[in-house]
Each structure stands twice: as structure tokens, then as C-alpha cells.
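Here is my note on the model. The points are numbered, so please reply to each by number.

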Amino acid sequence: MAKIDIVTADLQSLSSKMKAAEGNVGKARMLVSMAQNSLDIQVASSSAINSRLAGAKKKLTAQKTAVGAMASLTVQAAEEFTRADQGSGRIVNDLFDNLSRALGDMAGSLKNFIQSIVVKKHNQTASVFLPAGSILTGSVISGLLGPAGGSGLAHGSGDGRHETEPDMGHTDEKPAPDSQTNHTPSPEEEAAAQQAAKEEAAKKAKEEREKTLNEINTRYKNLPNSKSKKGFKHKCGALTFQQLYAMGIVKSGESADFAKDYASVLAAKGKTSKGYICSGYTGNDALDKLLAANKGKLPITNIVCSFEKGGNIPSNAGHALLISKIDEAGNVYFVDNTKASNYKAVCLSLKDFKAFYFKKGSNCSGVTHLHKP
């Protein structure tokens, strides 16, 4: 076998070239891969564009259909409008015809009504003296009232009554009163009128009640302690004083150390610094005494009530509250920190008010009415 001589330098050069070729092949593969990716992206973009074009084409087709439908509806609407316009002309003509007939009937009814009044007037007259001195009774006069066109007289609407011209020698006479003036209401009519009056009175009472409650609530919300929902908890005396102060009935310092004494302290003053008379009453029947003293003078406003501990009053300091008003129906309006009011204006019947504050075991230490001289 022949001997092959291999030059080491050539092998190294060939190896280097092969490595370079391998690198070039790798780069070529990378370029091919990038080109493939770019192609995929373009294909995807083309697909998306085609999809959007298809969607747009579909929308255009739908819009075209809708426009066609709208055009058809417009034509139909125009035809309907034309028919309605033609019909409205007929309706208006019919309306005027009916209105004319109704006015004619109304005029005839009014004419017959006046005619009946005139006939009644003459039937009520004992006699009529003619220039010749003849005396004709009312019934004869009715007989002489001929048909329309005869001596200016006309028949009524089939009821046998007639109307006359207002010239029978009695131009100074006053027309007879309408027969309905002396109408005596039936029991049903009286009941209906009474019911209507009751409903109207109830409506006015409701409006007045809501107005009073709103006034009390508005005043309460503006009091210093009312910023907190329970700012007057255990502070009934402060709630009473702040209301009186806000209304200009008392000035600063005109209060009491204990709520149970507030009514009696005011009564002892006789008159507040703002000029309000303090009329005091004592005992568990103090409120009844106040009502009796003001019988027929309702409503009564600005009443301070004080209670000792007992009944629904658990505090040793007692309790005080301001009754803003007692109305004509005996309703009591106030705001208080007890469960009877719970920090908002309420309207209780006098019976319910007494049931809570004058419960068995309660001890009213005084009631004072603050009023102008």
C-alpha cells in the first residue's frame, strides 16, 4: 500500500474553512427561519384583513337592507299620512257639524228653560189687567200664547209650556227666581256634601300637621347639640332650653339646674326677659288645668312640662320637654329624647301623650305656658 503524506497545515486550513462554512450554514438557517416567521406574520395579517373585509362587506349588506326597509317604510308612512290628512279633513268637518248641532241643541234647551221660567212667572200671577179692563188668569194667558211665528210667541220643547216676549205691561217686574233656588237637598245630597266637607277638613288638617312637624324638625336640626343623633341623650333640659332660645322666648341663663324644676322656675319668673308671660300649673292634672284655662283658644303653643322620677322617667334629675303645639283636634306636637319621640318631631293624640308621660307612677312637677301678653 502506497504511503499518503498529509500536510498538517493544510488540514488545519481545511478545518477552519469547514467551520466557517458551518457558521454560514447556521446563519442561512436563521435567515430562512426569520423569513418563514415574517411570511407567517404576513399570512396572518392577510387573514385578519380578509376577515375584516368580510365583516365590513356583511355590515354594508345589512345597512343596504336596512336602508331599503327604511325607504319602504318612508313610502308607507307618506301614504298613511296622506290618508290621515284626507281623513282628518272629514273628521274636522264632522266635528264642526256635531259642534254646531250641539250648540243648536244647547240654545234650544236654554230657550226652553227661559220659556218655562216666564210661563211659571205668569202662572203665579193672580191676574193680568189688559187695557180694555179684562182680567185674564195665568192659565188663560198660557192658552193665548200661540205657536212660534204667531204674535212673537214660541212653543217649548214638547212640555206644553210657552215663552212670551218681555212686554206684557210689566217691564218693571223682576224675573221670577230660578226654581232650583228653592231646591231642598235630598238626604243623599246632604250626606254627599257632608262627606265632601269632611274630606276637605281632613286634607287641611293633614297639610297643617305636616307643616308643623317640618317646622319642629328644621328647628331641631339647627340646635347646637343636634349635630349628633343622640347629642341630647340625658340632656332633656338642654333640648328644652335650646328650643326656647332659638325661638327667642328666653335668653341665655334662663334655665334650671334640674329638668324636674324647669317649669316651676319659669313660672316663678312670671315673665321671661323676652317678654313672654309664664302661666304655671302644678300637679298631675296640670296639663288638664292648662287646657281648661285655654278652652276655646286652641291651638296652644310653647308649653314646658317637668316631671319627677317615676313612671317612664328613670332619672333622678327628672325630665323636661317642650310641647310645641296642641292643635284644635287635641294633637300634641313635640320632639324629645325619650322613646316616645326618639329625636324627631312627632304628633301624638292627647290620650297617647298622657299614656306615656302621665303613666301611673309619674309625678308631674309643673306645666308652664309661655305666651305673649
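1. Is Cys-278 buried or exposed? First, a caveat: this is a predicted model. Cys-278 is buried, because its relative accessible area is 8%, and the cut-off for buried is under 20%. Cys-347 is another matter. Its relative accessibility is 24%, so Cys-347 counts as partly exposed.

2. A disulfide is a covalent bond between the sulfur atoms of two cysteines. The count for this model is 0 disulfides.

3. Strand 8 covers residues 331-334 and is covered on both faces. Asn-331 and Tyr-333 are buried on one side. Val-332 and Phe-334 are buried on the other.

4. What does strand 8 pair with? On one hand, strand 7 (residues 319-326) runs antiparallel to strand 8, joined to it by 3 bridges. In this pairing Ile-326 stands opposite Val-332. The hairpin of strand 7 and strand 8 has 4 residues between the strands. Gly-330 in that hairpin takes a positive phi near 85 degrees.

5. Strand 8 also pairs with strand 9 (residues 346-349). The sense is antiparallel, over 4 bridges. Here Phe-334 stands opposite Val-346 of strand 9. Phe-334 is one of the buried residues of strand 8.

6. How many salt bridges are there? The count is 4 salt bridges. Side chains of opposite charge can pair when their charged atoms come close.

7. Glu-208 and Lys-325 meet through their side chains in a salt bridge, at 3.4 Å from N to O. This pair links distant parts of the chain: Glu-208 is in helix 3 (residues 187-221), Lys-325 is in strand 7, and they are 117 residues apart. Glu-208 is partly exposed, because its relative accessibility is 38%. Lys-325 has 11% relative accessibility and so counts as buried.

8. Which residue forms a salt bridge with Lys-269? The partner is Glu-254, with the closest N and O atoms 3.3 Å apart. Glu-254 is buried, because its value is 7%.

9. Asp-288 and Lys-354 also form a salt bridge between their side chains, at 2.4 Å from N to O. Asp-288 is in helix 6 (residues 286-293) and Lys-354 in helix 7 (residues 350-357), so this pair ties together parts 66 residues apart in sequence. Asp-288 is partly exposed, because its relative accessibility is 36%. Lys-354 is partly exposed too, with a relative accessible area of 25%.

10. Where is Asn-294 found? Asn-294 lies in the loop between helix 6 and strand 6 (300-308). Asn-294 has 12% relative accessibility and so counts as buried. A polar atom of the Asn-294 side chain lies 2.9 Å from the backbone oxygen of Leu-290. Neighbours within four places in sequence aside, Asn-294 is in contact with Tyr-281, Ile-300 and His-369.

Note on methods: Residues numbered from 1 in each chain as written. Predicted model: local features only at pLDDT ≥ 70, side-chain atom pairs only at ≥ 80, totals over all residues. Heavy atoms only, no water. Disulfide = S-S within 2.5 Å. Buried < 20%, exposed > 50% of the residue type's maximum accessible area, 1.4 Å probe, protein only. Helix = DSSP H or I, 4+ residues; strand = E, 2+ residues; numbered from the N terminus. Pairing = 2+ DSSP bridges. Polar contact = N/O pair within 3.5 Å; in protein donor to acceptor, adjacent residues only side chain to side chain. Contact = heavy atoms within 4.5 Å.
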